[in-house]
Amino acid sequence: MFDVDLIRKDFPVLSRELPGGRSLVYLDSGNSSQKPNQVIDTMRDHLAHHYSNVGRAHHTLGAESTAAYEDARDAVAAFVKAPSRDEIVFTKNASEALNLVAYAFGNPIATDARFKVGPGDEIVISEMEHHSNIVPWQLLAQRTGATLRWFTVTDEGRLDLDGLDDLVNERTKIVSIVHQSNVLGTVNSVSPILARAREVGALMMLDASQSVPHMPVDVTELGVDFVAFTGHKMVGPSGIGVLWGRRELLDAMPPFLGGGEMIEAVWMDRSTYAPVPHKFEAGTPPIVEAIGLGAAANYLTGIGMADVKAHEKALTGYALDALGEIPGLKVIGPRTNIARGGTISFTLKNLSGDDIHPHDVGQILDDAFGIAVRVGHHCARPLHLRFGIPATTRASLYLYNTTDEIDALARGLHHVQKVFG
Amino acid sequence: MIAESMYQELILEHYKHPQGRGLRDPFDAEVHHVNPTCGDEITLRVKVDEGKVLDVSYEGQGCSISQAAASVLHELATGSTVEESLGVVDEFTRLMQGRGQVEADEDVLGDAVAFAGVAKYPARVKCALLSWMAYKDAVVRSA
């Protein structure tokens, strides 16, 4: 039984007081989520009683640390229904996971034809991407002479699939798009794009940083080739991210970073590499962070991701209604509560019709009401350019948020309009 | 409410009724400055004659702090000497970068002293300084 009051008790920060006696209304989980005791205690316990290096320490602590680290891999694999634990590669964040795949393409070491990229080849992304799913592909295009193309976004904030067959074609090597937009909240429909990618022999990657924390995600069911996500947005720590990839592709890819533990044997002039996932985990990994992420996955599984999704959907509907009643507020993204998550970005005018800058909105919400939102372009500048706005205010919801907090946001926004009226 | 120490009435007044806004001719130098973290930007022109600032004109977009700071700058600099105005810029910069620990010299700063509260918000200091740094740059280029 999903009980938000009980869940809130798991997150110590939610009951803290801000300077001036304000209580905290945390509506910035899309930026980074808060952490439950279950994650904090697991990490503390490991640091206090079991910590050592993993893989290369042949003593009791080394064995305990390695077991905990690999247990975390099992937990994450189960969380996203990976067919094999070896398909879970720990990275430092989603950006590194995306870069890891981007650097596999056009790499002279790569012998597999699917990763060969040169002039005339095409890479497809979308206008609603976070910079971390844009820049690595721009760099790939620059390295190889390939052409970067993208889906545009409709006024409602959906991917425009009208030109799908032209955009994804025989020249396309990879399509990499976001599963749930970090600005619009839009949840993209993967299957039509994937079907076209399969038709033309292109690979497909999903940036699932904003979906894995908020809904049941089954990588087999999705059917794509690569999925990237990050720990700190799913009640886990920062410094740990995940690349899931099909075993057969991971095997075919060249290493990304070279270093300790990613090798099988090393001579002065050459090396052979460890099997996946270790081939992609050079150097001492973020051990305690990985263990914390495992605890986070288990915590969310214990609550039930279907329930998390249902709670957020109800909350999103409530928030869209509440914000819809504020004159001068314009939601940037789907206004209907269908195929969208609990990320709501908006612009705000005062009652005379003048724009109120998001920095001013966020400052008043924080200082006067303790409401934490994000303001700016949210690392998605091209999307803001597409809508012709420099910045937005973004409220992003999670399992621990309540309708009372939405009410507080609505009251806060009315106050902002008075201050800048 | 902490915000009230930042959003002084004077700042809000300047934001709602910006002084000297709009780009004007003649001018000796024009600069364009951007704050990449928030996208605020300003285009600013100065007209200087024999060490005297005849006009500071500007156009830009951004938050209330950045817009009000430009308006206050216009009022303080226009009609003063280049030397005096750069003294005000230095004092304003010292105040903004003082993390709220610096006692402002009100005699030098005049209305700009209203921004003292902004110095406590590291994320907003750049907003307040945007136009003032642009002015300093423009004056140097006009010489």
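**View 1. A hairpin in chain A: strand 11 and strand 12 form it, with four residues between them.** This close-up comes from a predicted model, in which local features need pLDDT of at least 70, side-chain atom pairs count only at pLDDT 80 or more, and totals for chains, interfaces and linings use all residues. Residues are numbered from 1 along each chain as its sequence is written, chains are lettered from A and ligands numbered from 1 in the order in which they are written, and side-chain values use heavy atoms, with hydrogens and water left out. Strand 12 covers residues 271-273 and runs antiparallel to strand 11, with three bridges joining the two. Strands pair if DSSP finds at least two bridges between them; strands (E, at least two residues) and helices (H or I, at least four) are DSSP runs numbered from the N terminus. Look for I263(A), which has Y273(A) of strand 12 standing opposite.

**View 2. Y103(A) and F256(A), one of the aromatic pairs.** Over all chains the structure holds 11 aromatic pairs. Here the ring centres of Y103(A) and F256(A) are 5.8 Å apart and the planes stand at 35°, so the pair is tilted. For reference, rings of Phe, Tyr and Trp (its six-membered ring) pair if their centres lie within 6.5 Å; planes under 30 degrees apart count as stacked, over 60 as edge-to-face and the rest as tilted. The pair links distant parts of chain A, 153 residues apart: Y103(A) belongs to helix 4 (residues 94-104), while F256(A) sits in the loop between helix 9 (247-252) and strand 11 (263-266). Y103(A) is partly exposed at 33% relative accessible area, and F256(A) is partly exposed too, at 26%. Buried means under 20% relative accessible area, exposed over 50%, and partly exposed in between (1.4 Å probe, protein chains only). R143(A) lies over the face of Y103(A), 3.9 Å from the ring centre; a charge sits over a ring if NZ of Lys or CZ of Arg is within 6 Å of the ring centre and within 35 degrees of the ring normal.

**View 3. F105(A) and F115(A) form a tilted aromatic pair.** Their centres are 4.9 Å apart, with 55° between the planes. Both residues lie in the loop between helix 4 and strand 5 (122-126) of chain A, so the pair ties together parts 10 residues apart in sequence. F105(A) is buried at 1% relative accessibility, and F115(A) is buried at 0%.

**View 4. The largest nonpolar core holds 80 residues.** A nonpolar core is a set of buried Ala, Val, Leu, Ile, Met, Phe, Trp, Tyr and Cys residues joined through side-chain atoms within 4.5 Å. F90(A), F151(A) and L399(A) touch the most other members. Helix 10 (residues 287-303) of chain A gives the largest share of this core, 11 residues. A second, separate core has 75 residues, including I356(A), L365(A), V373(A) and L409(A).

**View 5. An open antiparallel sheet in chain B has three strands in the order 1-2-3.** Strand 1 (29-35) and strand 3 (52-61) stand at the edges with a single partner strand each, so one side of each is left without a neighbour in the sheet. Seven bridges join strand 1 to strand 2 (residues 40-49), and N35(B) has D40(B) of strand 2 as its bridge partner.
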